[in-house]
Amino acid sequence: MHHSRGLRLELIKSGTANDDAVAIVDKLKSSTSFEDLVLCELPEKQFAILKYALKLTQTPGDIDAEDVTLLRECGLNDRAIHDVCAITAYFAFVNRIADGLGVELEETDR
């Protein structure tokens with residue numbers, strides 16, 4: 001939720017209409033499962049990245065070579081795959097620190 005404004009702006013920058021970007025961000029904010037991601041109607045590459053990030057966040061021990069292969073098949077190179085993994089892990093780490101310390105998120109504008 002905290003980064004929804006930035007995501008919306010990135011979607012717009014990549015050619016998504018503002019209303020569509022808002023709808024995608026709203027759907028993503030309420031997504032908690034793979035089935036929810038399907039409803040977001042994302043391009044294949046972004047869908048694969050989010051599917052991987054969701055799996056890495058919820059069941060990290062289940063990540064296997066097939067997950068990485070699927071990212072490669074969507075056009076990600078080793079560096080991009082590393083970055084997706086590192087960013088996902090970083091945010092999981094930081095969020096757990098914030099949760100553990102009782103940090104509350106500030107209100108953000110859309």
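1. A residue is called buried when its relative accessible area is under 20%, exposed when that area is over 50%, and partly exposed in between. Asp 67 has a relative accessibility of 12%, so Asp 67 counts as buried. The model discussed here is a predicted one, and every value in this note is to be read as computed from that model.

2. Asp 67 has a charged partner. Lys 55 forms a salt bridge with Asp 67, and their closest N and O atoms are 2.9 Å apart. The pair links distant parts of the chain, with Lys 55 in helix H4 and Asp 67 in helix H5, 12 residues apart. Lys 55 is partly exposed because its relative accessibility is 26%, whereas Asp 67, at 12%, is buried. Side chains of opposite charge can pair when their charged atoms come close.

3. Helix H4 covers residues 44-58, and helix H5 covers residues 65-73. The axes of H4 and H5 are 9 Å apart, at an angle of about 160°. Angles over 145 degrees count as roughly antiparallel, so H4 is roughly antiparallel to H5. The crossing of H4 past H5 is left-handed.

4. How many salt bridges does the structure hold? The number is 4, and the Lys 55 and Asp 67 pair is one of them. Another joins the side chains of Arg 72 and Asp 78, with an N to O distance of 2.7 Å. Arg 72 is partly exposed, with a relative accessible area of 44%.

5. A further salt bridge is formed by Asp 83 and Arg 79, where the closest N and O atoms are 3.3 Å apart. Both residues belong to helix H6 and are 4 residues apart, so about one helical turn separates them. Asp 83 is partly exposed, since its relative accessibility is 27%. Arg 79 is exposed, because its relative accessible area is 59%.

6. Helix H6 runs over residues 78-101. What angle do the axes of H4 and H6 make where they cross? The angle is roughly 45°, and the axes come within 10 Å. H4 is therefore oblique to H6. The handedness of this H4 and H6 crossing is right-handed, while that of H4 and H5 is left-handed. Two packed helices are described by the angle between their axes and the distance between the axes.

7. Some C-alpha distances involve residues of H6. Ala 86 lies in H6 and is partly exposed, with a relative accessible area of 34%. Ala 86 and Ala 53 are 33 residues apart along the chain, and their C-alpha atoms are separated by 10.0 Å. Arg 79, also placed in H6, is 15 residues from Val 94 in sequence and 22 Å from Val 94 in space, C-alpha to C-alpha. Gly 100 and Asp 78 are 22 residues apart in sequence, and their C-alpha atoms are 33 Å apart in space.

8. Is Gly 100 buried or exposed? Gly 100 has a relative accessible area of 64%, so Gly 100 is exposed. The position of Gly 100 is within helix H6.

9. Which residues form the nonpolar patch on the surface? They are Ile 87, Tyr 90, Phe 91, Phe 93, Ile 97, Leu 101 and Val 103. Together these residues have about 740 Å² of accessible area.

10. One more helix pair remains to be noted. Helix H1 comprises residues 4-13, and helix H2 comprises residues 18-29. The axes of H1 and H2 come within 9 Å and cross at roughly 140°. H1 and H2 are therefore oblique to each other, since an angle has to be over 145 degrees to count as roughly antiparallel. H1 passes H2 in a crossing that is right-handed.

How values were computed: Residues numbered from 1 in each chain as written. Predicted model: local features only at pLDDT ≥ 70, side-chain atom pairs only at ≥ 80, totals over all residues. Heavy atoms only, no water. Patch = residues over 30% accessible without salt bridge, like charges linked within 9 Å, V, L, I, M, F, W, Y side chains within 5 Å. Areas by Shrake-Rupley, 256 points an atom, 1.4 Å probe, with all protein chains shown as cover. Helix = DSSP H or I, 4+ residues; strand = E, 2+ residues; numbered from the N terminus. Axes fitted to C-alpha atoms, helices over the stretch in contact; angles between N-to-C directions. Parallel < 35°, antiparallel > 145°, perpendicular 65-115°, else oblique. Left-handed = near helix turned anticlockwise from the far one by under 90°. Buried < 20%, exposed > 50% of the residue type's maximum accessible area, 1.4 Å probe, protein only.
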